[in-house]
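Morning, everyone. Please bring the structure up on your screens, and we'll walk through it piece by piece.

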Amino acid sequence: MIVIMDTKASDAQVADVVHRLTEAGCLVRRSGMERIILGVSGAGFEPAPALVEGLAGIADVSTTEDGCHLVSRNFSPKNSEIELGQGVTIGGRELVVIAGPCSVKDQDTLYRIAEAVARIGARILRGGAYKPRTSPYSFQGVGEEGLYLLRAAADAHQLLVVSEVMEPSQIHLAAHYCDILQVGARNMQNFPLLRELGRARRPVLLKRGPAATIDELLAAAEYLAACGNVDILLCERGIRTFETATRNTMDLNAVPALNARTHLPVVVDPSHGTGWKNYVTPMARAAVAAGADAVMVEVDVDPDTALSDGAQTLDVEQFARLMDQLRRVAEAVDRTLR
Ligand code: PEP
Ligand code: MN
């Protein structure tokens, strides 16, 4: 439920409304500039307008049909800027690039990748330590050792770290090493994981499920927000369609559609979106042109020896060319790129 306060509402009237709602077990978040907007969520229930009936200072009360309040544009007409640390913000004017291997392999390789992507302009190092693999016989990731290596490699080059968590029991450890916790596409609707991440004090990169609609992606984000975590980055990484010429079909419609529906920043991942290194750069350019706030790409010093997703992984030279091109596209759409 969204409660819009009157422009002339007094502090006491706002406090009254907030008090009534929190007494009823609701979580209340404030937004708005000229007028105060209250985003109201209940744990396991939809707050009803009757809760604030008769209270003074209220201009409008609405419930949305799709169950998304806190992540919707109605709650915050202004874009959210997610501050990630070390002066890196996603959702502002600066376009942010996230780069690194699909999965962490060993210390030497990871350090060389971190050095290269930092030098070329990435701000965030990616890498999977826990890997969600389609087959149980595929490489499953190096686990905690990978998180430790990511942190050390990132710190050596002033980068932030994003890595995936697959289950609630991994959150505490991953939050110790990572600046951003990733929810993989296969886990977008893992509700116990989303709830637990909602209570964690780390920004979340939420990937769109391969068969999820934009409404479902937003509803998954609402789980995080309703549990208390509004530092959310939404990620388009391709969806499954009848097309087999590419690994996935990268849905760039999602960028303007999400920008219309939510105040949250949008990240695009053309590596998983296309599945093929030759298609990554053109689709990254298109993503920036469409209005993405960040781009995430898989990069390795030697993609041929990558333990997963080598076919869609750029080498350092290709990454440098991608960044050159993105700088030009960024300028054309009034954004900056380091
Ligand atoms: C990844 O980013 O390494 C990954 C596994 O991506 P997705 O969940 O989008 O398949
Ligand atoms: Mn991958």
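One term before we start: a residue counts as buried when its relative accessible area is under 20%. Keep in mind that this is a predicted model.

Let's begin with helix α5, residues 191-198. Which of its residues are buried? They are L193, L194, L197 and G198. Why do they end up on the same side of α5? Because they cover an arc of only 140 degrees around the axis. The general rule is simple: an α-helix has 3.6 residues a turn, so residues three or four places apart point the same way.

What covers that buried side? The cover includes helices α4 (171-177) and α6 (214-226). Strands β10 (180-183) and β11 (204-207) are also part of the cover.

Now zoom in on L197. Leave aside its neighbours within four places in sequence. L197 is then in contact with V165, I171, L181, V183, V204, L224 and N229.

That takes us to the cores. The largest nonpolar core has 77 residues. L197 is one of the members that touch the most others, along with V117, L125, L206, I232, L234 and F319. Helix α6 gives the most to this core, with 7 residues.

Next, aromatic pairs. How many does a search of the whole structure find? It finds 2.

Take Y148 and Y177. This pair is edge-to-face, with 6.4 Å centre to centre and 90 degrees between the planes. Y148 lies in helix α3 (residues 144-156) and Y177 in helix α4, so the pair ties together parts that are 29 residues apart in sequence. Y148 is partly exposed, at a relative accessible area of 48%. Y177 counts as buried, at 13%.

Then F191 and Y223. These rings are stacked, at 4.5 Å centre to centre with 25 degrees between the planes. F191 lies in α5 and Y223 in α6, so here the linked parts are 32 residues apart in sequence. F191 is partly exposed, with a relative accessible area of 28%. Y223 is partly exposed too, at 29%.

On to strand β3, residues 37-42. How many of its residues are buried? The count is 6 of 6. Both faces are covered. I37, G39 and S41 are on one side, and L38, V40 and G42 are on the other. In a regular strand the side chains alternate between the two faces of the sheet.

Now its partners. Strand β1 (residues 2-5) runs antiparallel to β3, joined by 3 bridges. There, V3 stands opposite L38. Strand β2 (residues 26-31) is also antiparallel to β3, with 6 bridges. C26 in that region stands opposite G42. The hairpin of β2 and β3 has 5 residues between the strands, and G32 takes a positive phi near 95 degrees.

Last stop, the metal. What coordinates the manganese ion, ligand 2? The donors are C102 through SG, H272 through NE2, E298 through OE and D309 through OD. Their distances run from 2.0 to 2.4 Å. In sequence, the spacing is C-x169-H-x25-E-x10-D. E298 lies in strand β14 (residues 294-298), and D309 in the loop between β14 and α10 (316-332), so this pair ties together parts that are 11 residues apart in sequence. Both E298 and D309 are buried.

That's the tour. Over to you.

Key:
Residues are numbered from 1 along each chain as its sequence is written. Chains are lettered from A and ligands numbered from 1 in the order in which they are written. This is a predicted model: local features need pLDDT of at least 70, side-chain atom pairs count only at pLDDT 80 or more; totals for chains, interfaces and linings use all residues. Side-chain values use heavy atoms; hydrogens and water are left out. Buried means under 20% relative accessible area, exposed over 50%, partly exposed in between (1.4 Å probe, protein chains only). Helices (H or I, at least four residues) and strands (E, at least two) are DSSP runs, numbered from the N terminus. The arc is that of the directions from the helix axis to the C-beta atoms. Contact means heavy atoms within 4.5 Å. Donors are N, O and S atoms within 2.8 Å of the metal (3.2 Å for Na, K and Ca); water is not among the atoms, so sites may look incomplete. Two strands pair if DSSP finds at least two bridges between them. A nonpolar core is a set of buried Ala, Val, Leu, Ile, Met, Phe, Trp, Tyr and Cys residues joined through side-chain atoms within 4.5 Å. Rings of Phe, Tyr and Trp (its six-membered ring) pair if their centres lie within 6.5 Å; planes under 30 degrees apart count as stacked, over 60 as edge-to-face and the rest as tilted.
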